[in-house]
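Biologist: Please put the model on screen. I will ask about its DNA surfaces and its helices.

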There are 2 protein chains.
Amino acid sequence: MQEIKKLSRREREKCRQRREMLTAAVQLFSEKGYHNASMQEIAAKAEFAVGTLYKFFKNKEDLYKALITEQADRFHEALTAALGEETDEIAQLRNYVQVKGRVFMDNVAFIRLYFAETRGAGFSIKAGLDSELRERHCQLLHVLAAVFAKGMSRGRFQRIAEPQHLAVALDSLCNAFLSNWLEGRDAYPESPDIILNIFFHGLLEPSFPLHCESERL
Amino acid sequence: MQEIKKLSRREREKCRQRREMLTAAVQLFSEKGYHNASMQEIAAKAEFAVGTLYKFFKNKEDLYKALITEQADRFHEALTAALGEETDEIAQLRNYVQVKGRVFMDNVAFIRLYFAETRGAGFSIKAGLDSELRERHCQLLHVLAAVFAKGMSRGRFQRIAEPQHLAVALDSLCNAFLSNWLEGRDAYPESPDIILNIFFHGLLEPSFPLHCESERL
DNA sequence: ATAGAATATGAATAAGCATTCACAATCTGC
DNA sequence: GCAGATTGTGAATGCTTATTCATATTCTAT
């Protein structure tokens, strides 16, 4: 944290350069894919010489990995935090959906890469990345599953499916809506309940009148 | 159909060769990705010379496109058929989930490619493919949405979300479970209801009506 | 201001791979 | 069994691009 103060001018400068390289790289990778973005291009876009890139990253793969893992870490943290903030399960879920949306919206270029890497077999890059990301994602789903489990044991949620399955379901649902938004089809819902209602209310069970929705369809 | 009889021996032979090439290609592409599978390798695996590959496909991209679109067509047909067979909406949904599972299980190598291409930004290959697949997928979702809409207008389904959204949701849910299965985490559910119950039953207690904004502990 | 260290540069290197084509093998009808 | 056509072959070509390294530039401390 306050370690930042300890960095010398030179070190701060190096940090900035590194960031600029990564920024240029994200843009190019997400536009053209890993294999079609050349180191030359990345260097040019970042306004450095190719050789300089290699002073910061062992090779192209290393650059790419750094890119993905560092950003993925930030996502993971933001989402874990979103789930931790509240004690009310419903609010936690709403928070999750909303934060996921916001975080993704603010990093479109990266999201393309992240989706390419985590969904669809990510053979773009050697083994390591793949399993590391999966591991992290799995942890997050675990935290999410715990929210469902807690809601169930407190009698607020029905046991309509295993918590772990519900976690997978909610996460993939968010991703589906986000994908739609990325492709410019639909907007990501303003209200998290557009997504969550699919979980909250049963498609069947016509005997119970619903209060707040059957809203504008 | 009986066109097959009309093919000369030579033509049948050509078909077989073409299939063998495509089979070798699917395997390599799905293992190593588009860019890391070389034409030399594909030729070797199919037991042909490189030049022969080029007698059948204009170039690498053409080979890849043929691969994806031909197989995707079969999927699309199988799934559309699955939705058409029944007149009872619930049975239609069950059928969809089940057929999707079966079809995918039987074509694992291809599925990896399909996921890589349709989810995650598919920049592997030039424009055409991308939008063509999306178009097809969109049509399918439309048919699926119609099932939800019909169920609603017949009073069997509650209007918990727009039909189109429900279609996206169910499809992405299936994909999520299939992904899990591909990664060897969980098995794809034997019964389609493991997935469908998330839609059919509400997570919230029916006696616990949720008012849109004013929810609290 | 200056030596010497640290850092940046980009032309040159080398490897990989898609694609071609001159030739070889095979098939076809006679 | 043969000429001509069709089809299969894989070494050679040429281009792209990751990576290196000798040199130029900039910084630091005296």
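Modeller: This is a predicted model, where local features need pLDDT of at least 70, side-chain atom pairs count only at pLDDT 80 or more, and totals for chains, interfaces and linings use all residues. Residues are numbered from 1 along each chain as its sequence is written, while chains are lettered from A and ligands numbered from 1 in the order in which they are written.

Biologist: How does the surface near DNA strand C divide by class?

Modeller: A residue is near a strand if its C-beta atom, placed from the backbone, lies within 6 Å of it. 17 residues surround DNA strand C, and the closest include A:Ala49 and B:Asn59. Ala, Val, Leu, Ile, Met, Phe, Trp, Tyr, Cys and Pro count as nonpolar, Asp, Glu, Lys and Arg as charged, and the others, Gly among them, as polar. The division is 6 nonpolar, 7 polar and 4 charged residues.

Biologist: Which helix gives the most to the surface near DNA strand C?

Modeller: Helices are DSSP runs (H or I, at least four residues), numbered from the N terminus. Chain A's α4 (50-56) and chain B's α2 (9-32), α3 (39-46) and α4 (50-56) each supply at least two residues. The most, 4 residues, comes from α4(A).

Biologist: And which helix has the largest share near DNA strand D?

Modeller: 16 residues surround DNA strand D, with A:Ser38 and B:Gly51 among the closest. At least two residues each come from α3 (39-46) and α4 of chain A and from α4 of chain B. The largest share is 4 residues, from α4(B).

Biologist: How are α2(B) and α5(B) oriented to each other?

Modeller: Axes are lines fitted to C-alpha atoms, for helices over the stretch in contact, and angles run from 0 to 180 degrees between N-to-C directions. The axes of α2(B) and α5(B) (residues 60-84) come within 10 Å and cross at roughly 95°. Angles of 65 to 115 degrees count as roughly perpendicular. The two helices, α2(B) and α5(B), are therefore roughly perpendicular.

Biologist: Which residues of α5(B) does α2(B) meet?

Modeller: Two residues are in contact if their C-beta atoms, placed from the backbone, lie within 7 Å. From α2(B) come B:Leu22, B:Ala25, B:Val26 and B:Phe29. Their partners in α5(B) are B:Leu63, B:Tyr64, B:Ala66 and B:Leu67.

Biologist: What span should α5(A) have?

Modeller: The expected span is 1.5 Å times one less than the number of residues. Helix α5(A) (residues 60-84) has 25 residues, and its end C-alpha atoms are 36 Å apart.

Technical notes:
Parallel < 35°, antiparallel > 145°, perpendicular 65-115°, else oblique.
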